[in-house]
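I opened the file to look up pockets, helix packing and charged pairs. My notes follow in the order I checked things.

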Amino acid sequence: MDSERITETIRGHWSIENNLHWQLDVSFNEDSQKKKKNAAQNFSLLNKIAMTQLKNNKRKASLKGKRKMAGWSDEFLAELLDAPWQNDEIK
């Protein structure tokens, strides 16, 4: 690989990584939580799973809006939980 291709690959990786962490902080308030040890890692994984399901849902709403809808509507929550797992973004 030439240096330009390597640079593009690295920037692409960090762009995705930064977007993921920004979205987790904005939608799930992850940075302000005071969890310790394994709890922080466990909740982070659950947040990523929830975010994936919310993003894959076709309804028109923000992630925060969809989270609220899932809290208010058992039908929408069931729709999210019954949806097939599509892990295209989070690894």
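This is a predicted model: local features need pLDDT of at least 70, side-chain atom pairs count only at pLDDT 80 or more; totals for chains, interfaces and linings use all residues.

The largest share comes from α2, with four residues.

Entry on the pocket. I noted about 190 Å³ of space in the largest pocket. Its lining consists of Phe28, Ile49, Ala50, Gln53, Leu54, Arg67, Ala70, Leu77, Leu80 and Leu81. Sorted by class, I have eight nonpolar residues, one polar and one charged in this lining.

Entry on helix packing. I looked up α2 against α3. Their axes come within 10 Å and cross at roughly 100°. From α2, the residues in the contact are Met51, Leu54 and Lys55; from α3 they are Leu63, Lys66 and Arg67. By class I wrote down three nonpolar and three charged residues for this contact, and no polar ones. Leu54 and Arg67 are also listed in the lining of the largest pocket.

Entry on charged pairs. How many salt bridges does the count come to? I got one. The side chains of arginine 59 and glutamate 79 form this salt bridge, at 2.8 Å from N to O. Arginine 59 lies in the loop between α2 and α3, and glutamate 79 in helix α4, so the pair ties together parts that are 20 residues apart in sequence.

Definitions and conventions. Residues are numbered from 1 along each chain as its sequence is written. Side-chain values use heavy atoms; hydrogens and water are left out. On a 1 Å grid over the protein atoms alone, a cavity is a set of points where a 1.4 Å probe fits but cannot get out, and a pocket is an open set with protein on both sides within 12 Å along at least five of seven lines; lining residues have an atom within 4 Å of a point. Grid points are joined across faces, edges and corners, and a volume is the space filled by probe spheres set on the points. Helices (H or I, at least four residues) and strands (E, at least two) are DSSP runs, numbered from the N terminus. Ala, Val, Leu, Ile, Met, Phe, Trp, Tyr, Cys and Pro count as nonpolar, Asp, Glu, Lys and Arg as charged, and the others, Gly among them, as polar. Axes are lines fitted to C-alpha atoms, for helices over the stretch in contact, and angles run from 0 to 180 degrees between N-to-C directions. Contact means heavy atoms within 4.5 Å. A salt bridge is a side-chain nitrogen of Lys or Arg within 4 Å of a carboxyl oxygen of Asp or Glu.
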